[in-house]
Amino acid sequence: MSPLKAGDMAPQFSLPDQDGETINLSDFKGQRVLVYFYPKAMTPGCTVQACSLRDSIDELKSANVEVLGISTDAPEKLSRFVEKERLNFTLLSDIDHQVAEQFGVWGEKQFMGKIYDGIHRISFLINPQGEIEHVFNKFKTSDHHQVVLDYLSRH
């Protein structure tokens, strides 16, 4: 697994959102986009991370940043996650993990002694020109939003 780095062009993608509508990365041209990959909707860590972003959405929007969360969950599950947690940003379904692979975040993981392939929790800030501006890969789920906001306040 080798995640994309700052300076790389972000792969263009089209994925269904929680409502089954197709969302393209190109829809956000001219804006900064935080693309955050997370393992599984409605699990404790992913819920903490999503709710923290939800509660920070005004600050993110004031920095002209759109948020897109990507997991391998089906749109129906994403819809339940959005509804249950009142999420105010878009979640995308990457069921066959093609986009995760393009960003280099799909790979071997270990949990409770089991080894399996899955999404690694990494976020990418994409600049208005479509390049990866910054990669966030060292954070706890509870402070992910703050790491992003701290970066934005300096850049």
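Lysine 84 counts as exposed, because its relative accessibility is 56% and the exposed class starts over 50%. This value, like the others in this report, comes from a predicted model. Lysine 84 is joined to glutamate 85 by a salt bridge, with 3.4 Å between the closest N and O atoms. Glutamate 85 has a relative accessibility of 14% and counts as buried. The bridge between lysine 84 and glutamate 85 thus has an exposed lysine and a buried glutamate.

## Other salt bridges

The count of salt bridges comes to 5. One of them is formed by the side chains of arginine 54 and aspartate 55, at 2.8 Å from N to O. Arginine 54 is partly exposed, with a relative accessible area of 22%. Aspartate 55 is at 56% relative accessibility and counts as exposed.

Another salt bridge is that of glutamate 133 with arginine 32, where the closest N and O atoms are 2.5 Å apart. This pair links distant parts of the chain: glutamate 133 belongs to strand S9 and arginine 32 to strand S3, 101 residues apart. Glutamate 133 is partly exposed, at a relative accessible area of 22%. Arginine 32 counts as buried, because its relative accessibility of 13% falls under the 20% cut-off.

## Surroundings of arginine 32

Strand S3 covers residues 32-37 and includes arginine 32. Besides the salt bridge to glutamate 133, the side chain of arginine 32 reaches the backbone oxygen of histidine 155 at 3.4 Å.

Leaving out residues up to four places away in sequence, the contacts of arginine 32 include Ala63, Asn64, Val65 and Glu66. Leu125, Ile126, Asn127 and Pro128 are also among the residues it touches.

## Strands S3, S8 and S9

S3 and S8 run antiparallel and are joined by 4 bridges. Leucine 34 has leucine 125 in S8 as its bridge partner. S8 and S9 also run antiparallel, again with 4 bridges. Here serine 123 stands opposite phenylalanine 136 in S9. S8 and S9 make a hairpin with 5 residues between them, and glycine 130 in its turn has a positive phi of about 90°.

S8 is covered on both faces. Ser123 and Leu125 are buried on one side, and Phe124 and Ile126 are buried on the other.

## Helix H5

Helix H5 spans residues 144-154, and its buried residues include His144, His145 and Val148, along with Leu149, Tyr151 and Leu152. Viewed down the axis of H5, the buried residues fall within an arc of 160°, so they line one face of the helix. Ser153 and Arg154 are exposed and sit on the face of H5 turned away from its buried side.

The cover over the buried residues of H5 includes the strands S3, S4 (65-71), S8 (123-126) and S9 (132-136). Helices H1 and H2 (57-62) are also part of this cover.

Serine 52 lies in helix H1. At 13% relative accessibility, serine 52 counts as buried. Its contacts, not counting residues up to four places away in sequence, are Thr141, Ser142 and His145. Serine 52 and threonine 141 are 89 residues apart in sequence, with 8.5 Å between their C-alpha atoms.

Helix H1 covers residues 44-55 and also contains cysteine 46. An unreviewed UniProt entry lists Cys46 under "active site". In the model, cysteine 46 is buried, with a relative accessible area of 1%. Neighbours within four places in sequence aside, cysteine 46 is in contact with Tyr38, Pro39 and Lys40, and also with Phe81 and Arg121.

Methods:
Residues are numbered from 1 along each chain as its sequence is written. This is a predicted model: local features need pLDDT of at least 70, side-chain atom pairs count only at pLDDT 80 or more; totals for chains, interfaces and linings use all residues. Side-chain values use heavy atoms; hydrogens and water are left out. Helices (H or I, at least four residues) and strands (E, at least two) are DSSP runs, numbered from the N terminus. A polar contact is a pair of N or O atoms within 3.5 Å; within protein, one must be able to donate a hydrogen and the other to accept it, and residues adjacent in sequence count only if both atoms are side-chain atoms. Contact means heavy atoms within 4.5 Å. UniProt positions are given in the numbering used here, feature names are shortened, and annotations may be inferred rather than shown by experiment. Buried means under 20% relative accessible area, exposed over 50%, partly exposed in between (1.4 Å probe, protein chains only). The arc is that of the directions from the helix axis to the C-beta atoms. A salt bridge is a side-chain nitrogen of Lys or Arg within 4 Å of a carboxyl oxygen of Asp or Glu. Two strands pair if DSSP finds at least two bridges between them.
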